[in-house]
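Morning, everyone. I have one structure to walk through today, and I will keep it brisk. Please have a look at the screen.

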Amino acid sequence: MVDVRRVKLPGVGVLHTFVTDDGGKVGVITHRSGPSDLITFSDDEDGADVKKVSLRLDEDEAHTLAELLGGTRITESLSSLESIPGLSIDWFPVDYDDHIAGQKLGSLAGRGVIGLTVVAVVRGDSANPAPSDDFTVFPGDTLVVAGSPEKVAKAFAFYRSGELAPRAAAEAPPGG
């Protein structure tokens with residue numbers, strides 16, 4: 001198994017690095033603003049003859065590269081789960097300016113979002129499955145949620161802003 005180092009870059013995002021079997025150094029900078037940088041680099045002791053390369057990828061390009069590098073099996077497994085009618089499984093990466101950052105998960109059912117489950121909170125290299133309502137969420141965490149697509153969207157809006165979208169007003173009966 002490859003040893004991956006994770007370093008938070010304040011104001012930027014997160015840097016993940018690892019060393020390949022042949023001594024190459026690879027990193028991915030995941031920016032808070034969305035894009036990722038794929039980089040190869042060397043330390044000072046590696047000598048000046050080693051070239052450094054950086055390639056900026058938008059989110060779609062980063063997902064495509066992950067698929068090409070072997071993420072296809074995971075994606076295929078998740079796709080089969082997501083093909084269940086009415087079920088949406090999605091990931092919410094928590095950013096510093098999101099409402100949920102630093103807050104307890106709490107119960108969305110008490111806010112009118114019934115039928116949504118926070119399946120896990122991923123923090124660093126570990127997952128916290130089925131977290132309780134008093135689980136504190138921090139920037140850098142990723143919430144894994146399952147529910148109907150509408151409820152997932154509603155929960156994500158709440159996690160970002162702290163507000164739920166108002167329910168649509170019931171239509172007046174005909175002739176009323």
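Let me start with Ala 130. Ala 130 is exposed, because its relative accessible area is 62%, and the cut-off for exposed is over 50%. Where in the chain does Ala 130 lie? Ala 130 belongs to the loop between S8 and S9. Now its backbone. Phi of Ala 130 is near 45 degrees. That is a positive value, in a residue other than glycine. For context, most residues other than glycine have a negative phi. Keep in mind that this is a predicted model.

Now the overall layout. The protein chain holds two helices and nine strands. In sequence order the pattern reads β-β-β-β-β-α-β-β-β-β-α. The protein chain has 176 residues, and buried ones make up 28% of them.

Next, the salt bridges. How many are there? The count comes to three. As background, side chains of opposite charge can pair when their charged atoms come close.

Take Arg 56 and Asp 37. Their side chains meet in a salt bridge, 2.4 Å from N to O. Arg 56 sits in strand S5, residues 53–57, and Asp 37 in strand S4, residues 36–41, so this pair ties together parts that are 19 residues apart in sequence. Asp 37 counts as buried, at 8%.

Move on to Arg 160 and Asp 98. These two form a salt bridge, with the closest N and O atoms 3.1 Å apart. The pair links distant parts of the chain, 62 residues apart. Arg 160 is in helix H2, and Asp 98 is in the loop between S6 and strand S7. Arg 160 is partly exposed, with a relative accessible area of 46%. Asp 98 is at 6% relative accessibility, so Asp 98 counts as buried.

Then there is Asp 141 with Arg 123. In this salt bridge the closest N and O atoms are 2.7 Å apart. Asp 141 lies in the loop between strand S8 and strand S9, while Arg 123 lies in strand S7, so parts that are 18 residues apart in sequence are tied together. Asp 141 is buried, with a relative accessible area of 2%. Arg 123 is partly exposed, at 30%.

Stay with Asp 141 for a moment. Gly 124 and Asp 141 are 17 residues apart in sequence. How far apart are they in space? C-alpha to C-alpha, 7.3 Å. Gly 124 lies in the loop between S7 and S8. Gly 124 is partly exposed, with 34% relative accessible area.

On to the aromatics. The structure holds three aromatic pairs. One of them is Phe 92 with Tyr 159. Their ring centres are 5.5 Å apart and their planes stand at 55 degrees, so the pair is tilted. Phe 92 lies in strand S6, residues 88–93, and Tyr 159 in helix H2, residues 149–161, so the pair ties together parts that are 67 residues apart in sequence. Phe 92 and Tyr 159 are both buried.

Tyr 159 pairs again, with Phe 158. Here the ring centres are 6.3 Å apart and the planes are at 55 degrees, so this pair is tilted too. Why does Phe 158 count as buried? Because its relative accessibility is 5%, and buried means under 20%. Tyr 159 counts as buried as well, at 1%.

Which residues make up the cluster? Ring pairs link Phe 92, Phe 156, Phe 158 and Tyr 159.

Last stop, the surface. Asp 58, Glu 59, Asp 60 and Glu 61 form a negative patch there. Glu 59 has its place in helix H1, which covers residues 59–82.

To recap. There are three salt bridges. There are three aromatic pairs, and ring pairs join Phe 92, Phe 156, Phe 158 and Tyr 159 in a cluster. There is a negative surface patch that includes Glu 59. And there is Ala 130 with its positive phi. That is the tour. Over to you.

How values were computed: Residues are numbered from 1 along each chain as its sequence is written. This is a predicted model: local features need pLDDT of at least 70, side-chain atom pairs count only at pLDDT 80 or more; totals for chains, interfaces and linings use all residues. Side-chain values use heavy atoms; hydrogens and water are left out. Patches are made of residues with over 30% relative accessible area and no salt bridge: like charges are joined within 9 Å, nonpolar side chains (Val, Leu, Ile, Met, Phe, Trp, Tyr) within 5 Å. Accessible areas come from the Shrake-Rupley method with a 1.4 Å probe; for residues, only the protein chains shown count as cover. A salt bridge is a side-chain nitrogen of Lys or Arg within 4 Å of a carboxyl oxygen of Asp or Glu. Lys and Arg count as positive and Asp and Glu as negative; His and the chain ends are not counted. The place of a charge is taken as NZ of Lys, CZ of Arg, CG of Asp or CD of Glu. Helices (H or I, at least four residues) and strands (E, at least two) are DSSP runs, numbered from the N terminus. Rings of Phe, Tyr and Trp (its six-membered ring) pair if their centres lie within 6.5 Å; planes under 30 degrees apart count as stacked, over 60 as edge-to-face and the rest as tilted. Buried means under 20% relative accessible area, exposed over 50%, partly exposed in between (1.4 Å probe, protein chains only).
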